[in-house]
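This report describes how two chains meet in a protein assembly. The sequence and the structure are shown first.

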Amino acid sequence: MTPLSSRPASSPVGQSIPHESAALHVTGRALYTDDLWVRTHGVLHAHPVQAPHAHALVTRLHTAPALEVPGVVRVLTADDVPGVNDAGAKLDEPLFPSEVMFFGHAVCWVLGESLEAARLGALAVEVDYEPLPSIVTVRQAIEAESFQGGQPRLERGDVDARLAAAAHVFSGELDLAGQEHFYLETQCALAHVDEAGQVFVQSSTQHPTETQDIVAHVLGLASHAVTVQCLRMGGGFGGKEMQPHGYAAVAALGATLTGRPVRLRLTRSQDITMTGKRHGFHAQWRAGFDEAGHLLALDATLTSDGGWSLDLSEPVLARALCHVDNAYWIPDVRVNGRIAKTHKTSQTAFRGFGGPQGMLVVEDVLGRCAPRLGIDPSELRRVNFYRAGQQTPYGQTVRHPERAVTCWEQVLTDGGVAARAAQIASFNAAHVHTKRALALTPVKFGISFNFTAFNQAGALVHVYKDGSVLVNHGGTEMGQGLHTKMLQVAATTLGVPLSSVRLAPTRTDKVPNTSATAASSGADLNGAAVKDACEQILDRLRPVASERLGVPVDAVVFAGGTVGVTGGEQVVAWGDLVSQAYYQRVQLWAAGFYRTEGLHWDSTRMHGSPFKYFSYGAAATEVEVDGFTGAYRLRRVDIVHDVGDSLSALVDIGQIEGGFVQGAGWLTLEDLRWDESHTPARGRLATASASTYKLPSFSEMPEVFNVALLERAHEDGVVYGSKAVGEPPLMLAISVREALRQAAAAFGPPGTSVELASPATPEAVFWAVRRARGDGGLPQTAPLVEGGLGVVPEQPDATARPLHPRSEQLARQTGAGD
Amino acid sequence: MTPGLRPEVTVNGVGIGLDGTDPATTALDWLRSRGLTGAKEGCAEGECGACAVMVARPGADSGTEWTALNSCLVPAASLDGQEVVTAEGLGTPERLHPVQRELARRGGSQCGFCTPGFVCSMAAEYYRDGRQPLDESARDVADDAVDDAADEAREPGHGCGANGFELEALSGNLCRCTGYRPIRDAAFALPEPAADDPLAARRTEAPPRAAATLLEGDSGRYVRPVDLADAIALLGEHPGAVLVAGSTDWGVEVNLRGARAALVIGLDRLAELRALSVGNDVIEIGAALSLTEVERGLAGRIPLLDKLFPQFASRLIRNGATIGGNLGTGSPIGDLLPALLALEADVVLTGPRGDREVAVADYFTGYRRSVRRPDELVRAVRVPVPLAPVTAFHKIAKRRYDDISSVAVAFALDIDGDVVRRARIGLGGVAATSVRARQTEAALEGRPWTVETVHAAADVLQGEGTPLDDHRASAAYRRAVLGTSLPRLYAETSPRQEASA
């Protein structure tokens, strides 16, 4: 066991404690970015002017009428930008665009003494547009060959030969939808400029360092002139990894130009119409099976809907390709990826980051082929699980594949699946209009940023003379409980009670050059950095204690707020030792650092070992479908999930449950509908409000919801033996979709293969039921075909270039990185 | 009219003046501008509940009921003279309210942004007068969710805790983090309010009186008249005035579409519009009663409405929304109108010339247009009794609760023996207004209630109205579920002889 993962007995780590801010949340005292401006003097408010075209040139921008509106102070346009007019890291996202690239694109921003003045000012701005042709669906983009970025290919073996020899070959298509983050707190920033020109931006951001970078480049400043702070976020889910930067930059620009604080908060409809979402994908596939149902080969082409700019689309696509296998051994694989460029919001990170889309492809393949193979879908999944020693298609050895099996079998047992399957069969035999079904799906999810350089973190831990501890780290709190876990890590490492440790808000002037709090990696990376800082301090305190207690340096133990030796009676209180160390001029603070070892990844070849480890889980979901309407409910969900040795069980279970329900929302009722007509509304998002875009509510909560953490799951080499938890459980919700597919099939004769649109809204399920009954219905995609006459995944042409990230080029140049 | 003293709202026990507040300012923005930033804006249209606060409203038996409302929808001016409690007022981190304590310790908050709203919705249910622990037999039903028999008896996600907590109280609050399970557990773990709980004690006293209010600002005026005569006189002078009761529609117009009015007349506290009377041949429901008040006041007397209410928006919305408002705005997708059509209700309009009655079926003349004259307002609806014995409300929507219907079908059938004597069917979502399915009614009346009749009538029903394609549903789906609605009703009423859809 490595020192990083070994855990002392009865430590704060592992205690099931509430969120560190829970008492502030429930009393309304917890402050979010938009709660700050009412406590700030002289604030100006920003409001955008949004373009009513999917694609157009701005031929005239006349701002003078806005300045006539009482209370309007200034209109910000491209002419005001002293640095680079761009909101992204790839220089393809003009902050103040001259070409409108999606319906609702903000062409300028109005600053007012009140939000009402800014709103009325924005209405008064005159803009002339020259509309241009637009592409609003992935299929249109494919037809027009409108792509952006690299076109990665992940390949192992000889797919064509294996398919030619396979007993069964099926082909099909899948159109899977995107998802709006719908964090309850919309994007928000509050910017100040101090007397020396130092810019201070409070932003609801998962990536303060990149927010700082973008603000600096827009303002033409060095990074040291910009500080970004994030108190906490009212939800992030990936939607605040890249998206906050531009809004922070607009607020900062306004503050530098007016000398007054500027608040920018998007309304819900602005947020939905302007910010990126989960990528929808189009997939074409061919899959070969042997007679026993073993997957032999998968040939697939995945096209993601990137929207108008590249944003994070390349790494999202890479992760999708790396998760097409999910938990299954597929000997021969060829997966091509490409990114459609469409006139929509720039799609971005969302919990799972391409992983869910990749997994959905193989689960769709299995779910549709199982009835045609005559094999129970759960059994088909189970026979294809990875075994020890096998490698993923990208060449990483799958460690701990037995954990997927353990999770699966525990779900079968604890969920009483066999008995319930019999009950379901008799229920279905007795009911003509209502059918039930139960589906199991597994999850294997790679942990670490595919982008190797991001796998580093910093922390700054202060021990004050009185023994109290203040922890800064590079991670942000968005509700996932990272700060709670970091308090537990610091208290455990220092051997002090939780009450001695306090967390400071995340700020770029405390810990610089941080990575996004993303990829589920927050606790792994920052926890190790916090632990490193704490250990440095202990290393300096040990000689002081050794001298005071008269024991060898390496016998000194820090635990429970005291310092002593194991089994020894003589102890000194932590505070007393700290005080003594101060007077001995011992440094009582330390900067911690961590980099994940053992990672290597070549994006160009799509090969290597990009992940520190895999997270495993399994879910069994039972649904009931009403044949009259397609309406359904989740009767019961059983989950067993691997979080290693949990750092904080209440937090981890919350992540699993919440991730599952969010995933169920994506796959069932959350429905992004863009106007595809050729009217002036083309490209407009028709579901741009809470009343039209429906999140799961209490009525979608599973009626019975059992979640267990996998036991004896110590993960060596990770902070206190734990595993990441943020993203993987979302994909357990694929079991909901598969259960709906099976319930729809139950309306038809045995062996019915059901194609189910995504999202599986009641309407989509209704048509699936109709088709299962042989009553026709609206087909959604190309039908499942066995043999050679079906879909043939398109292969890239000669001009397609692979991924070749600048980051990997730089790392190799300097010799840093692996 | 005579406006009261300086307009003022009592928030968490402290009077805060409304002077300087624009009449278009929402209660949420006003509270936040006063530093009470616990309530949040999540959607500004009453869908997410992050802005929920508790307001002291008249309860049954002349007491007070703590009622949760979406503060983003109601004008701050409408709270003049009222008492409001926010999450900050319920407890402090050192002295948590029981609701706050249960949520905090069970992982009921993750990001915490929706939490103050949940706290207020949950606290309102905590203090609900009729809430009491279930007795043992009922408790078994509530506990054993997997058991099939129990299963049919309860609505998913809207169960009731052993402590009498109705989960439906939280149907208007969205959480994007937790998946709701810990919030449910917190709700079901709540005890009875303590004997010395001041908010519990407040319930036994009279509710705050409705203040006559006049608030003027840049955008216009908000006026709360003292009585109906005052309101009618004011409306006569200003026929373009916006009439507002629960503000669940007007608030959305203000927030999302930038609507502003020179004059808003607040009707929601007028006693003349808040009566509920049950007679031998008619039940009259005041136009300004909230749907929650109607639901509790009727206590199941109109079964069709009882089936409708749990599917109508959310508790937070029903606590504000009124029948008068539904009729006043005339949205084609309102769920109430198909039911009122099936019930053959009449609208009572009142104005300078007194009352007049119009059948609901004749009330609407087009998309958001009606026969109401500019100087009239809706005073009540009258539902004739006896009621048809077989009723159903079929709502088709993406989400089971708090969603807008793709299609709504209200049935009121009088089946005598095996013959359909009388059929009244109201449809929503299939035309510019809610409509009666008259051809289908004709295809049913006088015929035996059999599979054959149902299938023939279902074909007719499928052709009623002119459904459209939109983001909620395709026209083909709307037609298809119109077509399955009668077979579904038949299956529900005669479970042993299921008609295939």
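How many residues does the contact take from chain B and from chain A? The contact takes 84 residues from chain B and 84 residues from chain A, where contact means heavy atoms within 4.5 Å. The model is predicted, with local features needing pLDDT of at least 70 and side-chain atom pairs counting only at pLDDT 80 or more, while totals for chains, interfaces and linings use all residues. Residues are numbered from 1 along each chain as its sequence is written, chains are lettered from A and ligands numbered from 1 in the order in which they are written, and side-chain values use heavy atoms, without hydrogens and water.

| Property of the chain B and chain A interface | Value |
|---|---|
| Buried area | about 6,800 Å² |
| Share of the buried area on carbon and sulfur atoms | 56% |
| Salt bridges | 10 salt bridges |
| Polar contacts | 38 residue pairs, both at pLDDT 80 or more |

Buried area is the accessible area (1.4 Å probe) that two parts lose on being put together, summed over both. A salt bridge places a side-chain nitrogen of Lys or Arg within 4 Å of a carboxyl oxygen of Asp or Glu. One salt bridge joins the side chains of B:Glu41 and A:Arg265, at 3.1 Å from N to O. A polar contact is a pair of N or O atoms within 3.5 Å; within protein, one must be able to donate a hydrogen and the other to accept it, and residues adjacent in sequence count only if both atoms are side-chain atoms.
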